[in-house]
Amino acid sequence: MSVFDSISSLYDRGMLPLELLLLRRLRQQIFPALRGAVLELGVGTGVNLSLYNGHADVIGFDASAEMLSWAARRDTCTPLRLVQGDAQRLPFADRHFDIVAASLLFCSVADPAQGLAEARRVLRQGGRLMLLEHVRGRGLGRCLTDLLHPAWHAWSQSCHLNRETVRTVSQVGFDVQRVERHVLGIFQVIEALG
Ligand SMILES: C[S@@+](CC[C@H](N)C(=O)[O-])C[C@H]1O[C@@H](n2cnc3c(N)ncnc32)[C@H](O)[C@@H]1O
């Protein structure tokens with residue numbers, strides 16, 4: 001059983017303060033605009049699912065059966081299929097999706113470069129990667145994320161506070177188009193072409 005299986009029933013309530021302060025606004029910027037064949041990695045309890053409009057055909061993918069069971073209860077107006085598996089070994093053909101999206105995923109994937117390389121493999125040529133991630137901050141944000149990372153990682157058993165996700169996105173071959181930074185650079189919206 002994964003950490004996320006055991007916290008699935010508490011996840012949405014635990015995230016509520018952060019959702020109200022920041023995340024909901026950023027999710028609303030990203031997900032309603034997605035169109036075509038969309039793979040949402042680390043879909044979790046499905047917090048983004050109600051935001052898709054009817055123009056996206058979505059596969060929600062996650063390692064945790066319990067998180068997916070909450071996602072299955074969400075209302076969404078988009079065609080949706082939920083699939084369980086590991087983002088580091090995607091069970092999809094090359095160049096299959098128009099968009100790969102994820103929120104708060106690559107902080108907890110064991111090998112983010114492998115996960116991002118898989119995301120790139122399944123994107124059609126010119127397809128888009130859309131991420132909302134928390135990462136290593138800038139300035140004071142960097143000090144904070146570096147300082148808090150060891151204790152947070154030990155407690156959460158999976159989440160890294162100070163990953164350089166944009167750099168990894170670039171290293172696996174994506175063409176980074178846009179990085180929007182929030183809260184000392186700790187939260188980022190990252191858009192890249194495959
Ligand atoms: C912090 S939650 C984020 C959930 C949701 N995307 C959100 O924005 O609230 C991370 C999710 O990623 C999933 N996850 C972590 N590592 C994964 C992996 N290697 N493959 C697939 N899903 C993974 C977890 O099961 C969990 O549901």
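One cut-off before we start: a residue counts as buried under 20% relative accessible area, as exposed over 50%, and as partly exposed in between. Keep in mind that you're looking at a predicted model. We're here for salt bridges, and a search of the whole structure turns up 13 of them.

Start by selecting R178 and E180. Their side chains form a salt bridge, with the closest N and O atoms 2.6 Å apart. Now colour R178 by accessibility: its value is 32%, so R178 counts as partly exposed.

Next, pick R27 and E19. Here too you'll find a salt bridge, at 2.7 Å from N to O. Is this pair buried or exposed? Both R27 and E19 are buried.

Now jump to R136 and D146. The closest N and O atoms of this salt bridge are 2.8 Å apart. What does the pair tie together? R136 sits in the loop between β5 (123-134) and α4 (140-156), while D146 belongs to helix α4, so the bridge links parts that are ten residues apart in sequence. Check the surface while you're there: R136 is partly exposed, at 23% relative accessible area, and D146 is partly exposed as well, at 28%.

Notes:
Residues are numbered from 1 along each chain as its sequence is written. This is a predicted model: local features need pLDDT of at least 70, side-chain atom pairs count only at pLDDT 80 or more; totals for chains, interfaces and linings use all residues. Side-chain values use heavy atoms; hydrogens and water are left out. A salt bridge is a side-chain nitrogen of Lys or Arg within 4 Å of a carboxyl oxygen of Asp or Glu. Buried means under 20% relative accessible area, exposed over 50%, partly exposed in between (1.4 Å probe, protein chains only). Helices (H or I, at least four residues) and strands (E, at least two) are DSSP runs, numbered from the N terminus.
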